[in-house]
Amino acid sequence: MGKNDNKNLAIFKGAGQVDYIVPEGTKTIEECAFQSREDLINIIIPNGVTHIELCAFEGCKNVVNVVLPDSLVYIGPAAFASCENLESITIPDSAKEIDDYAFAACGKLSHIKIPDSVLRMGENALGDCVKLKSAILSKNMQAVSDGLFYNCKSLVDIEVPYGFETICDNAFFGCTSLENIEIPETIQNILCCAFEGCTKLKSIKLPNNADIFDEAFANCTSLEVVQLPSNIESLGQNTFAGCDNLKLLLKNGVEVKLKDLFNV
């Protein structure tokens with residue numbers, strides 16, 4: 001076993017271990033501690049561990065099961081990225097932050113629930129999870145972060161909680177199975193390419209106070225109906241570019257044309 005001072009597990013040097021239990025007393029699993037270990041399948045992280053740092057388990061492509069402790073506060077950048085066979089993960093109610101790319105490219109992950117204890121998810125935290133079908137987000141975050149569900153091609157069940165203020169760049173880019181999504185009235189910004197390439201999205205109702213940025217719904221080729229905010233004054237460039245089946249733009253229930261609204 002690698003260095004362990006009963007506080008930090010810095011690097012794991014064991015070989016040929018299918019099951020591994022992180023030693024009791026460990027507080028932090030350090031950067032790259034288990035990176036690219038192909039022998040590990042089951043990992044148990046005991047109570048007491050509070051931090052899992054950068055790339056700690058990144059590239060452990062044969063890991064199927066990880067047990068996270070109720071003491072965990074922080075999951076670092078790319079901590080479990082490219083764990084290609086990880087099918088499920090339970091985030092404990094103690095967690096506060098899930099950093100950038102934490103679970104990116106976990107190709108068999110099908111569902112994830114983010115507890116309300118989590119205050120922030122970093123960019124692309126679930127990006128390229130191509131089998132992810134459903135996700136429940138913490139009600140205590142403020143944004144769907146940049147690329148959070150980037151290229152999640154199987155995503156069909158997702159709710160943006162009331163209280164969220166921003167849907168960030170590329171948040172749902174390439175979610176080609178997403179047919180419906182309800183955007184709460186608390187959303188103030190839908191940023192660039194937020195829903196670009198959601199090719200099964202058929203209709204959308206935009207919140208009354210939202211600013212819509214460039215290409216937010218570009219290439220949503222099945223989009224037919226958009227309900228615009230009653231007080232809308234502008235749209236970003238190419239907001240609906242490539243939406244070749246768009247038939248109705250509704251404002252206060254009345255059909256309108258973009259050129260009549262914005263002189264375009």
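A salt bridge is a side-chain nitrogen of Lys or Arg within 4 Å of a carboxyl oxygen of Asp or Glu. Keep that in mind as you click around. This is a predicted model, where local features need pLDDT of at least 70 and side-chain atom pairs count only at pLDDT 80 or more, while totals for chains, interfaces and linings use all residues. Residues are numbered from 1 along each chain as its sequence is written, and side-chain values use heavy atoms, with hydrogens and water left out.

**Stop one: Glu185 and Lys205.** Select this pair and you'll find a salt bridge, with the closest N and O atoms 3.4 Å apart. Glu185 sits in the loop between β14 (166-167) and β15 (189-190), and Lys205 in strand β16 (residues 203-205), 20 residues apart. (Strands are DSSP runs of E, at least two residues, numbered from the N terminus.)

**Stop two: Arg120.** Now pick Arg120, which meets Glu97 in a salt bridge (2.6 Å, N to O). Arg120 is in strand β10 (residues 120-121) and Glu97 in strand β8 (residues 97-98), 23 residues apart.

**Last stop: the core.** Head for Phe149, one of the residues with the most contacts inside the largest nonpolar core, which has 76 residues. Such a core is a set of buried (under 20% relative accessible area, 1.4 Å probe, protein chains only) Ala, Val, Leu, Ile, Met, Phe, Trp, Tyr and Cys residues joined through side-chain atoms within 4.5 Å. Beyond its neighbours within four places in sequence, Phe149 is in contact (heavy atoms within 4.5 Å) with residues including Leu126, Phe172 and Cys175.

Methods. Buried means under 20% relative accessible area, exposed over 50%, partly exposed in between (1.4 Å probe, protein chains only). Helices (H or I, at least four residues) and strands (E, at least two) are DSSP runs, numbered from the N terminus.
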